[in-house]
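Please read them with the coordinates open.

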Amino acid sequence: MADNVAAADVELAGVTKRFGGVTAVDRLDLEVRHGEFLSLLGPSGCGKTTTLRLIAGFERPDVGEIRIEGADVARLPAYRRPVNTVFQSYALFPHLNVLENVGYGLKQRGVPRAERRRRAAELLELVRLPRAGQRKPKELSGGQQQRVALARALVLSPRVLLLDEPLGALDLRVRKQLQIELKTIQRELGITFVYVTHDQEEALAMSDRVAVMHAGRIEQLGPPQEIYDAPATHFVAEFIGETNFIDMRGRTIAVRPERVRLTRNGEGLAARLVTTMVVGPAVQAVVRLENGQEVLVREQRSGKRSEVEELAAGERVVVGWSDEEALSLEGGSTHG
Amino acid sequence: MDEQHPLWERPFDRKGFVAGTAALIAAAGLGRVGDAFAAPAAPSGQLFYYNWADYVNPATYKAFTNKTGITVKKDFYVSNEALLAKLKGGARGYDLAVPTGYMVQILAQEKLLEPIRWAKLPNVTRNINSKFRHLPFDANERWSVAKDWGTTGFIYRTDKVKERPTTWREFVNLTKTKYSGKVTVLDGIPEVIGSMLVMLGYSYNSDSRSELDKAKKELLALKPHLLAITSTEYKQLLISGRAVMGLGWNGDGAAVAAKKPAAYVVPKEGGEFWVDSYVIPKGAKNPDAAHAWINYVYGPKQNSVETSYTYYGTPLKPALVKPHLTNAIFTNPAVFPPVRTLAKLEPNKVSPRGTALRSRIWTEFKNA
Amino acid sequence: MVEEAPVLTARRGRRRTRGGGLRYPAWLALPALAWYGAFFLAPLAFICAYSFAELTGFAGVDFTWNLENYRYLWDPLYGEVFLRTLGLASFGTAATLAIGFPFAYWLARYARAKTLLLLLVVLPFWTSFLIRTYAWLIILDPGFPLFRALDADLLYSTQAIYIGVVYNYLPLMVLPLYAALERMDWSLVEAAGDLGDNAFRAFRRVTLPLALPGIVAGSLLVFIPLTGEYLIPVILGGNKTAYTGTLIAQQFSEAHDWPFGSAIAMVVIAGMTVVLVAFSRIAARGEVASG
């Protein structure tokens with residue numbers, strides 16, 4: 001294991017999973033490196049949760065290989081895989097108290113009771129719930145329950161932790177707080193995280209790498225900046241952030257609203273201003289090109305009123321962008 | 001299966017299927033509180049008749065209503081004890097009931113009966129067989145008028161039991177040997193224990209601990225060879241051939257014989273002789289209607305309609321009913337046993353002490 | 001720590017609700033209480049009183065307030081009846097649980113057309129218990145194809161009683177088991193597997209404790225009526241064997257000994273109470289069972 005650090009912790013090769021007539025995961029290849037925080041990001045039904053469940057062992061692939069730490073586990077049941085899972089619904093055992101929930105995996109391994117309690121208490125300390133040990137899960141708030149679920153999954157010191165939309169059911173304030181804590185814990189413990197989410201902000205903020213999934217396949221895999229700045233496909237560009245798709249002489253150009261410059265008489269395409277609005281620290285404008293297409297423009301507001309804010313609806317304007325700021329897409333979204 | 005009758009075709013009788021079914025329902029705690037508690041004020045000319053199930057020819061109700069204008073409301077009890085419990089519990093409004101002799105005595109002692117007015121029963125005084133007057137349970141004829149009578153003996157299939165048993169001893173011996181597993185006895189404590197006592201030469205109503213002990217030994221030896229202990233199923237079992245002999249009542253014997261080759265035997269050692277009698281329960285709303293009914297069914301023709309239906313003996317003078325009955329019924333010794341057979345029979349008059357002893361023996365019998 | 005505070009408020013909040021807020025007026029329970037009082041407690045009191053009375057004459061009762069009936073009951077003869085009944089009730093409970101649990105589990109977790117299947121489970125209730133039991137006389141007849149093929153004659157045997165018991169009581173076991181398993185969050189079983197439990201261990205440590213209320217409810221629904229079961233031994237067993245139900249019926253109907261019958265009934269009720277307490281202890285222990 002130690003001499004294999006560079007190798008992938010989790011490796012999926014040509015994995016396909018069908019449910020009835022629906023292909024949930026389609027010839028998927030993926031390598032998760034040791035110690036990284038990798039998010040599987042995509043809209044619902046894209047196959048991200050199924051991919052996670054395939055790694056966990058709750059589903060078996062129809063075709064393909066799944067390796068964890070180099071060993072083929074595709075046919076192994078969940079209980080024989082060296083990974084642990086944090087469930088979206090927390091899945092805490094309602095008949096056990098918090099301490100017993102956290103110590104659950106240790107009991108099965110024959111760890112003596114006192115040691116179990118000590119380890120469980122340690123983990124509760126780590127997730128900042130040191131005094132909740134004797135409570136039942138239903139007595140805790142959602143965020144607290146998710147902390148317990150995290151502690152329970154971490155108690156076995158898994159090499160890889162799988163998280164299935166762990167913050168999906170929490171309100172925004174708690175979610176933000178836990179995002180930071182999760183990231184901190186992941187760094188401190190040096191554990192590999194495979195993190196399923198449909199929240200792009202969350203994925204981009206927390207991940208070392210993001211795999212954007214669509215229709216059972218990975219559209220693009222890379223660091224968050226790369227995903228945002230250089231979306232590889234139309235789908236990614238559309239799914240991540242906001243993008244103007246502009247047809248120019250049979251060619252589609254994709255450009256982020258904040259990369260479009262809006263002037264009264266600079267270089268670029270002639271347009272008319274439709275409307276402007278101030279959105280907190282930014283000002284947004286919608287302009288209509290001569291061919292009728294609308295383009296969204298966003299500018300950060302500096303101290304004084306910007307030029308954009310001065311413009312009146314119906315005024316003639318010019319929009320432009322540098323070629324390197326336009327996104328180059330590899331065609332459609334049907335292949336990754 | 002060819003000899004099986006579907007459940008819905010099973011013959012019913014006084015102590016038969018319908019009554020048994022009701023008993024089971026009542027015992028299962030499903031029995032409803034009797035109509036008697038909620039009996040509306042009887043319109044003039046209604047008779048509320050509390051009876052064993054299927055103990056009256058349905059044709060008789062119609063004929064009676066046509067004749068008298070009195071309508072009949074019916075309710076049924078499942079055992080003498082159920083009747084006692086109901087009346088003791090305070091149920092009122094019944095005009096007529098038909099307990100067995102020993103229960104007439106108990107009901108009278110418990111002051112649960114209204115007196116019979118013989119002046120209103122000309123048919124009875126004219127037509128009754130004098131043997132059925134001044135019966136021991138009501139020597140002064142103050143409370144009761146005989147309805148039907150019968151005996152407890154055994155039934156066997158003549159096509160399957162070639163030995164032609166005529167005694168209780170033969171019945172027991174054949175049960176323990178050749179017909180083991182094919183014999184039933186009634187689910188009735190006095191009938192079964194009494195029959196064993198009679199076989200041993202003792203009284204049907206014996207109170208003697210040692211005599212009862214001997215009867216118990218006979219029963220315990222018999223138990224492993226029995227198919228079932230039932231008062232409700234045995235007729236059907238005999239008809240289907242699952243059982244070839246059964247300790248039972250004469251009416252059932254006649255009913256079996258009507259369908260399959262079978263004989264009813266009053267064993268030579270003796271047995272039980274019972275009389276069910278009309279009584280008027282305490283608090284009757286329309287005792288006149290009750291008297292009208294009794295008087296009506298004591299007409300020879302009307303009474304023969306009943307006998308042809310129930311197969312139980314009539315308390316009327318035989319010569320009066322003979323013209324109205326088919327020969328098959330009139331000469332059937334199960335319905336009209338010969339007089340010398342009757343001489344050996346005893347009515348049930350087991351004492352309270354004897355009842356207690358029998359009850360414990362019965363539990364031992366069922367535990368065996 | 002943003003999240004510590006809610007624990008305390010949540011608890012305080014609950015206590016507040018319990019103390020006042022959502023309370024239903026007591027009179028809502030009145031009809032039920034009146035009903036139980038009139039038709040359960042009052043008869044029970046009568047039975048209790050009768051059990052200390054004495055039979056006089058044929059059917060008379062003298063309230064002498066002594067323990068004679070109970071002393072009379074203290075007899076190996078009746079002990080045998082109680083043990084036999086206990087055996088029947090235990091067998092019925094164990095057998096319906098063994099047969100009903102896998103079915104309820106499948107129904108709750110995997111089956112399609114659950115409503116239809118549940119309907120089939122309760123379908124027998126559309127006919128009376130009595131008719132259904134009588135119908136078994138036809139099935140158990142040695143002439144019936146199945147038993148003819150097996151060359152078995154079970155009619156009026158102990159086996160027939162046991163078959164009838166399992167048949168009649170199975171729905172009473174399946175329904176509470178289904179209700180408990182239906183509420184089950186199956187991701188808990190996945191979580192157990194994820195934490196290293198194989199299917200068997202996950203079942204024992206998670207499914208079973210969570211299904212325990214259903215198991216207890218089902219067991220009580222089967223066990224308690226079986227201690228007084230009357231119809232099945234009478235109809236399918238040919239009434240050849242005494243059980244407490246038939247023994248009590250015998251006292252009331254044949255021997256007209258209400259006091260003694262009441263004493264037997266009181267002993268059965270006391271026995272049931274013990275079982276009830278024991279079961280609820282089990283259920284309570286299940287609640288706090290450690291994983």
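Predicted model: local features only at pLDDT ≥ 70, side-chain atom pairs only at ≥ 80, totals over all residues.

1. Chain C has a mean pLDDT of 87, with 90% of its residues at 70 or more. Across residues 1-20 of chain C the pLDDT is below 50. Leaving aside near neighbours in sequence, that stretch has 15 contacts in the model.

2. Chain A contains 17 strands and ten helices. Its C-alpha atoms occupy a box of roughly 75 × 45 × 40 Å along the principal axes. Of the 336 residues in chain A, 43% are buried. Taking the contacts in chain A between residues at least 6 apart in sequence, 63% link residues at least 24 apart.

3. How many residues of chain A are in contact with chain C? The count is 29, and they meet 26 residues of chain C.

4. On the side of chain A that touches chain C, at least two residues each come from strand S6 (83-86), helix H3 (104-108), helix H5 (142-154) and helix H6 (172-189) of chain A. Helix H3 of chain A contributes the most, with four residues.

5. By residue class, the side of chain A that touches chain C comprises 14 nonpolar, ten polar and five charged residues.

How values were computed. Residues numbered from 1 in each chain as written. Chains lettered and ligands numbered in written order. pLDDT = per-residue confidence, 0-100. Contact = placed C-beta atoms within 7 Å. Nonpolar A, V, L, I, M, F, W, Y, C, P; charged D, E, K, R; others polar. Buried ≥ 20, exposed ≤ 12 C-beta atoms within 10 Å, placed from the backbone.
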